Each structure stands twice: as C-alpha cells, then as structure tokens.
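Let us walk through this structure together, from its overall fold to single side chains. Please keep the sequence and the 3D view at hand as you read.

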Amino acid sequence: MGPRRGVRASRAAPVSRTSRAARAGQYAALAAYLVFLAFPFLWLVSTAFKPARELGSLHPTWIPDHPTLGNFRRAFAEQPLVHAALNSLLAAVCAAVIAVVLATPTAFVLARRPGRAAAAATGWVVVSQAFPFVLVIIPLFLVLKSLHLVNSVPGLVLVYVVWSLPFALWMLVGYVRAVPPELEEAAAMDGAGRLRTLVSVVAPLLAPGIVATALFAFITAWNEFFFALVLLKTPEKQTLPVVLTHFLGAEGAADLGPLAAAAFLATLPSLVIFAVIQKRITGGMLAGAVKS
Amino acid sequence: MRTIRTIRREGVKVTAAAPVRTGRRADPGAWFLVLPALVPILLLSVGPLLYGLALAFTDAQSGRTEPTRWVGLRGFQDLLHDRLFWESFRIGLVWAAGVTVPQFLLGLGLALLLSQNLRLRWLARSLAIIPWAMPEVVVGIMWRLVYHPDAGVLGEILSGLGLAGDTDWLSGLATALPAVVVVGIWAGMPQTTVVLLAGLQNTPHELHEAAALDGAGAWRRFRTVTWPAIRPVALSVSALNLIWNFNSFALVYVLTNGGPGGRTRLPMLFAYEEAFRYGQFGYAAAMGCVMVAVISVLLAVYLAGRLREGDA
C-alpha cells in the first residue's frame, strides 16, 4: 500500500536481465534529461552573477570570469523589490492560513461521509480548477471595485483564498482518508463530541498534511501572476511576480543582469519550501486524483 | 500526544471487540463544518462564474457612463467573425496539444526510467523540483535569457555545433510558437513525471517479476502490468494538463506577450487584452464562455474516464 515500498523493492530487485546496451541507453536518456532540466536554471544563476561587460560580450561564458553582486544591488535600486516581496509574503501567508482553516472541517466531512453531496463537492473541485480565469476575474474585478478592494492586498487575498480552497480541499480529503476512522469511533465511545474528536484526535494526526497543504497554498499564491496583474495597479501594491515584469521594459529591451538577479531571488522561497514538502504534495495529489 | 496514542491503541481494541457504527444521518453538525468553505466558494467562485456567463450577453465595458445593456448573442456573433479570435483559438489548441502530448510521453518515459535502478536517479528527482516550484514569470524570464540572441546560451551552443547562429527565436514568425512550446514542456514535464512515478510505485512488483519469469518482454510487461495499474493516474494527469495548458497565461505573457504578430497570442492573452486593455468586458466574457465550452468537452471525457475507472 505505502508508496515507499515500491522504492525499496525496486532497489533490491535484480537488474541482471537488463542488457548492457539497454543500460547505456538508459544512462544517456537520464543525462539528456538532467541537462534539459538543469541548464536553463544554471544559465539564470550564471547570468545573475555576470558583470555588464561579460553580458555584452559576443561569446557568453558559462561561468562568469569576474562574478559580481552588482546585479543584485542594481536590481534592488531599480525596482521596489523588498516592498514587493513583503506584499507577496503578506498575500501568500494570509491566503494559505485562511484557506486551510476553512477547508479542513469541510474536507473532514467530505472524506468521512461519502454520498451524493460529497461527490458533487469533489466534482466541483475538479471543475473549478478547469475554468479559464478570465471568466471569473472580470466579475470579481467589478465586485471588488465596488467594494473598493481593487489595488489592495486584502482584495487579492480574497481571490487567492477562494482560488486555493478547492485544491486545499482536494489534498486534505486525501489526508483525512488516510486517518483510520476507528480512532473517531473510539473517541465517540469515550464520550467525546464531534468537535472534540476533530480537534484532539484527528487534527494532530492530520497536522503534517495540513502543513503541507498550507505550504502548497503559500507557494501557489507566492508564484501567482494573472490575478495580481489584473487587480494591482500601483507599484507600491504589486507583488513580486508583477514587479519582476517591470524589469523587462518596453519591447524586451531588458537590463539582463538585474533581471536575472531579481528572478533568481524570487524563486528561492518556493524552491526551499517545495524541496521540503514535495513528497507530501505528490502523495496528496495522487490520493485526491485517484481515490475520490 | 499521549492521549492520542492511547486512544489509538484502545480504539483498535474496541472496534475489534465490537464494531459499532454510530448511525448519523442528516445531522446539522456536518453542515456546520461544511459552511466555512462552502459560503466563500459560492459567493466568490460560483457567483462570479454565473455573473461572468451573464456578462457575455451584455455590452459591458469599463469606464463607460451609459448603463450596460443586454445584447443577447451579439458578442458571440462578433466572435464568429473575429479573425483574431479564431487565430488565437487555433494557436491555443496547437499550444495545448503541442505541450501536453510531449509532456505526457516524455514524462512517462522518464517515470519508467527513474523507476529503474539507476545511479543518478536521486539527482533527477531533486532537480525536478526546479521547474515545478518556480513562478511562471521567472520561468519565462529565465528562458528569455536562454533564447537571447546575443547573451543567450542556446545560440552559443548551436553556433558551437556549427548550426544556426544568433537567431532571435522568440521574435521570429516561424520560431516563436515552437520556442514557447519547448518552455511549456520544460515547465510541466517534471510534475507529470513525478505524479506518474508515484503511480508506478503503487504497481505490484510481484506481478512484474512473475511476468518476467513467464518470459514476457519489456513491452508486453508494460502493456499488461504497468499500464493498467497507472491508467487512472495517467488519464487524470493528462486531461488536467490539457485543460491547464489551454488556459495558460503567465508563461507566454512574459516570453512574447503574444507576439510576434500574434503568433503566440493564446486565448487567455487575447481575452486579457480585450478585457483589461480595451475594456471590452462583455466581449471578453463571451470569449471565456467559448473557452468553457471547449473545456467542458475535455472535462466530460476526463470525468467519464474516472467514473469508468471507479466502477472497475
């Protein structure tokens, strides 16, 4: 049952049947994949540390001859990056926390009481992920405008919460299913009410899943671009992805060094978080995708 | 923590002794737990969606002083005659298929490869995080640096191999769409790979070995053992990828902003421009409706597949 077992089994499995030629082919494919995967990112990092002189040279170098931090300094000087990062952080943290707090009880009910309503709810989760954002953002824009929430981070948080709720539900339902229902029955036998059962029995077991879901919601909000582009008008309100596009300038006449430096910095938080929770996300998505 | 552990231990014991199921039907407590998520979803997701569908039948514009009027199907009739719309729609389908199919085939091949006992497997899995976790805007910026005619690495590699030199891939009429498709594949492939890999790891290994002992070749083993086991996952992931790719925006917005000459103007970019550059809310909503119609067909295929898997 556990996803881990397969890994161990294949590690122990005999490989004798694989011929040497096939092995070589496999390693060639793996090498090609690694190059394809890594080289754009390495190029971004390399460009971020290159002095202007090297960026202008006819034959670009892989590793900067004279690495410099000047691009980072200029990036911060040219655009309000710190402010944008704080906006992003605020929006992403609020969206993640609110989404998870709202979704957890619902996920609990959907997972434990299968029926037509639960099936309809999970169906809606899938469907809502599929709609083109433009059909939702135009009315939302009009509504938020009448509430004076356009060009404000709270307005953006509102959109992010609703946008990440379905996916949070999807993941959490999978995690709840992994908790044996016998525990709740035992708690009920001991006289605990539903809320108490949920808070003191199920929630602690669910905690890793809840954290993973929240971090995933955080990353999606941190990376999000379309809603932020539409809703945030002035530079002091904009999030990091939107501010990054200002580096591109008109008609791609970009200042490459600061552009690369800022882009590299904007990626770091998601990369770190993702490295930590990647396994859980895969598991959660898989559980939601297959079992519901 | 201690209480949980004791409850767990006792719980198992209790249910083993007497499997009691508390019959709770139609109880208001469940509704109370559902409301916190249900209300915002209804208010801010279902509501706007219906509002958006309604807008498609109006002449709503931004910053106009006269009141919005119903115009019925006029928006859709205009779309029918809008050459730019059809062009963007065609590009959207080419892009969605051009990204999703390689994403799936390469992703499946890689998942099979990474389920083998290879030495650098861990590195491939770790690196797979990069495209998956990166903001789309950064992916776009990064590939602009790669494709850059002067400072880009691609031109340097190709001229080193004696092939085409300083091509401006992203602004060439013929090269722009293939160039963005490659980026789309790069951005989505690891996720497909990792999900398929997780699916592969749930396939019973014993079956594989039994089939191998029976003398089944690699292709036969794949067809009779591996594929049936991962089919539900494969179906889910490719259907959702197709829909997401059809709806994508940020990547191409940053890479080409729809250019050159509209050659990479995906439907979402077209609708975004109509709505937020020209203020044609009603028209953009009509366009969103057409996109929904296409996506509904894809979704129906996907959900039908899932239902079938569920019955099996």
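**A tour of the two chains**

Let us start with Arg90(B), which is partly exposed with a relative accessible area of 47%; buried means under 20% relative accessible area, exposed over 50%, and partly exposed in between (1.4 Å probe, protein chains only). Arg90(B) forms a salt bridge with Glu87(B), with the closest N and O atoms 3.1 Å apart; a salt bridge is a side-chain nitrogen of Lys or Arg within 4 Å of a carboxyl oxygen of Asp or Glu. Because the two residues are three apart in helix α4 of chain B, about one helical turn separates Arg90(B) and Glu87(B). Glu87(B) is likewise partly exposed, at 28% relative accessibility.

Before going on, a word on the basis: this is a predicted model, in which local features need pLDDT of at least 70 and side-chain atom pairs count only at pLDDT 80 or more, while totals for chains, interfaces and linings use all residues. Residues are numbered from 1 along each chain as its sequence is written, chains are lettered from A and ligands numbered from 1 in the order in which they are written, and side-chain values use heavy atoms, leaving out hydrogens and water.

Now step back to the whole of chain B. Its secondary structure comes to 14 helices and zero strands, where helices (H or I, at least four residues) and strands (E, at least two) are DSSP runs numbered from the N terminus. Of the 312 residues in chain B, 51% are buried. Among contacts in chain B with a separation of 6 or more, 68% come from residues 24 or more positions apart; contact means heavy atoms within 4.5 Å.

Helix α4 (residues 83-114) of chain B also holds Phe104(B), a buried residue with a relative accessible area of 16%. Leaving aside residues up to four places away in sequence, Phe104(B) touches Thr192(B), Leu196(B), Trp227(B), Ala234(B) and Ser238(B).

Back to salt bridges: there are six over all chains. In one of them, Asp59(B) meets Arg69(B) at 3.2 Å between the closest N and O atoms. Both partners sit in the loop between α2 (28-55) and α3 (74-80) of chain B, 10 residues apart. Asp59(B) is buried at 10% relative accessibility, whereas Arg69(B) is exposed at 52%.

How do the chains meet? The contact takes 106 residues from chain A and 109 residues from chain B. Together they bury about 9900 Å², 76% of it on carbon and sulfur atoms; buried area is the accessible area (1.4 Å probe) that two parts lose on being put together, summed over both. Zero salt bridges are found across this interface.

Rings of Phe, Tyr and Trp (its six-membered ring) pair if their centres lie within 6.5 Å; planes under 30 degrees apart count as stacked, over 60 as edge-to-face and the rest as tilted. The count is 37 aromatic pairs over all chains. Phe133(A) and Trp163(A) form an edge-to-face pair, 5.8 Å centre to centre with 85° between the planes. This pair links helix α7 (residues 133-146) and helix α8 (residues 153-178) of chain A, 30 residues apart. In chain B, Tyr272(B) and Phe276(B) form a tilted pair at 5.9 Å and 35°.
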